[in-house]
Amino acid sequence: MSKIGIVYSDRYLEHETGAHVENPGRVTAIRDELLAASWTDRLQWLAPRAASPQDIAMIHDRSYVEYIKKECEYTRGISYLNPDTAICPESYEVALLAAGGVMEGIDRLFAKEVDGFFALVRPPGHHAEADESHGFCLFNNIAIGARHAQENHNVGRVFILDWDIHHGNGTQHSFDKDPSVFFCSFHQSPHYPGTGGRTEMGIDDGFGYTLNLPMRPGSGNDDYMYLMEECVGPAIRRFEPELLLISAGFDGHRSDPLGGALLDDGGFAAIFEYARDAARCPVGIVLEGGYNYESLASSSAAVTGVFVNSEQPSYISLAKSPGRGSVDLAAFMRENHPCLKDSWNHK
Ligand SMILES: [Zn+2]
């Protein structure tokens, strides 16, 4: 049994978005489910701290940080930065707590106060670019966390696995020239935001350190686990990360209103378990999307349950019948992706 830190604060509820699908009820649904779990006594609830503007500037332009601050100061009630990203007067401070929540989880993890962490943060982060908000995201929480670990905890290689149904464009672009951060994304294609093609594999020194797995609509547990076994697992093992961070969106659940995938609670748990076992290093989970309260809560609890109970592998039987699209995608990656070739030497 492991002790898992859950980063949470009621202040995450103060980022008000009105009738938006990304709203405070998402994190309270997860919180309540974790409190009701049989293993809830294994959880250590951690209060986030606020990231400083300097912390945010590890990933974002300083002028962008200032812009978000000012927009939140000026808004009366709820307004929109773009057609899908809402803010209210408190959003800047809450976004600092979201990024700082991931930093706090990383600090507790490397202080060995917890064996892993799950940051129940909002607003989410993986669509946020260096100088632009996108897709409900203000600051890129997981990217800031990865840099924080490298700059303050002597971490060299970070592997980021993003299983949200949408491509983590902001995270990819934060690190696409950087071989110290491997970014791997499962996402539905075609779908928002339109990036994350299978040939996007990184740029310059970062070539080979981005692995995109665009999935056909209707992909389910077998497809994801097949690609874990064929592509993601080998990539993680060969990269030998010192920290595994997971952008955990649960909008790939079959019940989610925004995604067209067919994952279920067991599928998420299996993907997590397989990645953790391949990485053999400290692990942190960061909440991204997921818009059906019920499945968001039950999938989060299924993953956390695996995190807490480290014993029995459950993933073994899941990859029995992948669809044609997933088989072809794996074959393409084996043929073309540097990290899956025998000649790959990342060190
Ligand atoms: Zn998403």
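**Close-up views of a predicted model**

**View 1. Strand 1 and its two partner strands.** Strand 1 and strand 5 run parallel and are joined by four bridges, where strands are DSSP runs (E, at least two residues) numbered from the N terminus, as are helices (H or I, at least four residues), and where two strands pair if DSSP finds at least two bridges between them. The model is predicted, and its local features need pLDDT of at least 70, while side-chain atom pairs count only at pLDDT 80 or more and totals for chains, interfaces and linings use all residues. Residues are numbered from 1 along each chain as its sequence is written. Strand 1 also pairs in the parallel sense with strand 2 (residues 43-46), again through four bridges. Gly5 has Phe117 as its bridge partner in strand 5, and Gln44 as its bridge partner in strand 2.

**View 2. The two faces of strand 1.** In strand 1 (residues 4-7), Ile4 and Ile6 lie on one side and Gly5 and Val7 on the other, and all four are buried, so that both faces are covered; a residue is buried if 20 or more other C-beta atoms, placed from the backbone, lie within 10 Å of its own, exposed if 12 or fewer do, and partly exposed in between.

View 3. Eight strands, paired in parallel, form an open sheet in the order 2-1-5-10-9-6-7-8. Because strand 2 and strand 8 (210-215) stand at the edges with a single partner strand each, one side of each is left without a neighbour in the sheet. Neighbouring strands of this sheet are turned against each other by 15° on average, direction ignored, with axes fitted as lines to C-alpha atoms (for helices over the stretch in contact) and angles running from 0 to 180 degrees between N-to-C directions.

**View 4. Strand 5 beside strand 10.** Three bridges pair strand 5 with strand 10 (residues 283-287) in the parallel sense, and Phe117 stands opposite Gly284 in strand 10. Helix 8 (residues 265-279) packs on the sheet, touching strand 6 (158-162), strand 9 (243-248) and strand 10, and its direction makes about 165° with that of strand 9.

**View 5. The surroundings of His134.** His134 is found in the loop between strand 5 (116-119) and helix 5 (141-152), and it counts as buried because it has 20 C-beta neighbours inside 10 Å. Leaving aside residues up to four places away in sequence, His134 touches Asn82, Thr85, His127, Ala128, Glu129, Gly170 and Pro193, a contact being a pair of residues whose C-beta atoms, placed from the backbone, lie within 7 Å.

How values were computed. Two residues are in contact if their C-beta atoms, placed from the backbone, lie within 7 Å.
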